[in-house]
Amino acid sequence: MGTSGIPPLSSKTPGILRRPAAPAAGIVHLGLGNFHRAHQAVYTDAAVTAHGGDWGIIGVASRSSAIPDAMHAQDMLYTVVEISPEGSKFSVPRVHTDAFTAAGNPDRVIKAIGNAATRIVSLTVTENGYNYTPATGSLNALDPAIQHDLLHPAAPRTPIGQIVRGLQHRSRTHAEPVTILSCDNLADNGHHTQRLVREFASRLPSAEAAETLAFIDTRTSFPSSMVDRIVPATTDHYRRLVTDRRGYTDRIPVPAEPFTMWIVEDNFIAGRPAWESGGAVFSDEVAGYEQLKVRLLNGTHSLIAYLGALSGAVTIPESVSHTHIELAARSVLRNEYLPSVSVPAGVDVTAYEEQLFSRWRNTALGHRTSQVGSDGSVKLRQRIPLPALQMLDDGRMPQLLALTTAAYLSCIAPLAGFRPGPQAEAMEDPARGLLSGLAAGARSGRELAGKVLGDHHLLGEELAERAEFIDRTGEFIDIIRSAGPLAAIAEASARSALSTATTRSTP
């Protein structure tokens, strides 16, 4: 019994399980966070329920043992809480066969990936977990963690190192094929992951590198995928909700919005679950769906988060309830992101936009601006450069993309004397130390933008050469500091409207 006398969730909890046991393991998943447990695990549960198969999941957390420990205490079970203003729905997937932490068990990660029964290795480790250089897209060979993994084959710390060492184990033992499936917000994530894996392997001693690359090139596949579901952090509110409504305690329930989407390239060299039973779509237009997600959804989401944080909004629904922020978000989506997207056949962009704003208004979720705004130094590199460069090449200034960049820098690296507020201060970012140091030595927004975008190539090498974009970003930083985010929104919106009107009137 729990401390309150209410029993904990377990395999003996009546009325919650669709089958007596989890399927035998066939998938190793790196990144045992909330998103995986509300997305890939839910689709896999539906696939196994409908069609069976040995597609159980071994979940590997990176450093924290909190989720693995809780899953073991609850017979590998947890509750997905689907949250909407109309009410909550509850489900308990039963697909995880094991869970452990990579940091304390590096050899176990290698053996799990290397096991002949493993046919898919999937990842949700965030953009920051791939240890690549945003400016070039290549493996960051100077990263101490990558250097460690190259020198210590039995104890890899990074997902890329873990995958390569696991593939080496397969190559040397049974040589069974395996699919590596990235589910992170990286453009062309399958090929991007394949490139990083090959770059790591190519840095091994020559004979070892040749053997490993041969296995990668002939016995693995790297399909691209696009994942979409808003999954906030677990709080005591959701724990209480589960206890009140379901009659058991759950240490690790996962809140999620009702909407869920998974678009996958059907390139699985060793087979796959029937994920379409859970609603997954197998398509040869993954790249177009990725662009929709990374730019229209994620890019606009970032603008909402940074402007909201600077305006004191704790949550995304609170932020988007500000009329000026909503109008800015709609403008960046329609006028600056959309022209760069190859919209897949059958997608109604107008309906997609309305669906996005409906999701962002879901007050029951309470998705925090500080959570959405974290890791911007990696995320924005995926979202802003291509649309911005396309507009600049057309002779137009991407006002709201520059504002997004300025709002991000104002949150993470505020100029001396400017306080961005508690939501901005709560954002996590691997570049915060570097950027804060640059801000401390900058006398103006223009100087800061020049250092960050021009000298340090935060948004890539091509945009670093575009002085007009850097200057505009700096001007918005100065406006935010002197007059606040609403003044910056008004300036960007007015200039954007003028540019759009001029473009439309030009024959």
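A residue is called buried when its relative accessible area is under 20%, exposed when this area is over 50%, and partly exposed in between, as found with a 1.4 Å probe on protein chains only. The structure is a predicted model, in which local features need pLDDT of at least 70 and side-chain atom pairs count only at pLDDT 80 or more, while totals for chains, interfaces and linings use all residues. Residues are numbered from 1 along each chain as its sequence is written, and side-chain values use heavy atoms, with hydrogens and water left out.

**View 1**
Helices (H or I, at least four residues) and strands (E, at least two) are DSSP runs, numbered from the N terminus. A pair of aromatic rings is described by the distance of the centres and the angle of the planes. Rings of Phe, Tyr and Trp (for Trp, the six-membered ring) pair if their centres lie within 6.5 Å; planes under 30 degrees apart count as stacked, over 60 as edge-to-face, and the rest as tilted. The whole structure holds six aromatic pairs. In one of them, the ring centres of Tyr306 and Tyr408 are 5.5 Å apart and the planes stand at 65°, so this pair is edge-to-face. Tyr306 counts as buried because its relative accessibility is 1%, and Tyr408 counts as buried because its value is 0%.

**View 1. An aromatic pair within helix H13.**
Phe357 and Trp360 also form an edge-to-face pair, with 5.1 Å from centre to centre and 80° between the planes. Both residues lie in helix H13 (residues 349-360); they are three residues apart, so about one helical turn separates them. Phe357 is buried at 0% relative accessibility, and Trp360 is buried with a relative accessible area of 2%.

Glu326 is located in helix H12. This residue counts as buried because its relative accessible area is 17%. Contact means heavy atoms within 4.5 Å. Leaving aside residues up to four places away in sequence, Glu326 touches Val320, Phe357 and Arg361. The side chains of Glu326 and Arg361 are joined by a polar contact of 3.1 Å. A polar contact is a pair of N or O atoms within 3.5 Å; within protein, one must be able to donate a hydrogen and the other to accept it, and residues adjacent in sequence count only if both atoms are side-chain atoms.

**View 2. An aromatic cluster and charges over rings.**
Tyr43, Trp262, Phe268, Trp275 and Phe282 are linked into a cluster by ring pairs. A charge sits over a ring if NZ of Lys or CZ of Arg is within 6 Å of the ring centre and within 35 degrees of the ring normal. The charged end of Arg272 sits over the ring of Phe282, at 3.6 Å from the ring centre. Elsewhere, Arg472 lies over the face of Phe476, 4.3 Å from the centre of that ring.

**View 3. The open sheet E9-E11-E12.**
Two strands pair if DSSP finds at least two bridges between them. Three strands make up this open sheet, in the order E9-E11-E12 and with mixed pairing. Strand E9 (225-228) and strand E12 (281-282) are the edge strands, each pairing on one side only. E9 and E11 run antiparallel and are joined by four bridges; here Val227 has Trp262 in E11 as its bridge partner. Strand E11 (residues 261-264) pairs with E12 in the parallel sense over two bridges. In E12, Val281 is the bridge partner of Ile263, and Phe282 is that of Val264.

**View 4. Strand E3 and its two partners.**
Four of the five residues of strand E3 (residues 80-84) are buried. E3 runs antiparallel to strand E4 (residues 87-91), to which five bridges join it. These two strands form a hairpin with two residues between them. E3 also pairs with strand E10 (residues 254-256), in the parallel sense and over three bridges. Glu82 stands opposite Lys89 in E4 and opposite Ala256 in E10.

**View 5. Helix H16 and its covering.**
In helix H16 (residues 385-393), the buried residues are Pro385, Pro387, Ala388, Leu389, Met391 and Leu392. Among the elements that cover them are helix H15 (376-383), helix H17 (399-412) and helix H22 (467-483). Just after H16, Gly395 adopts a positive phi of about 80°.
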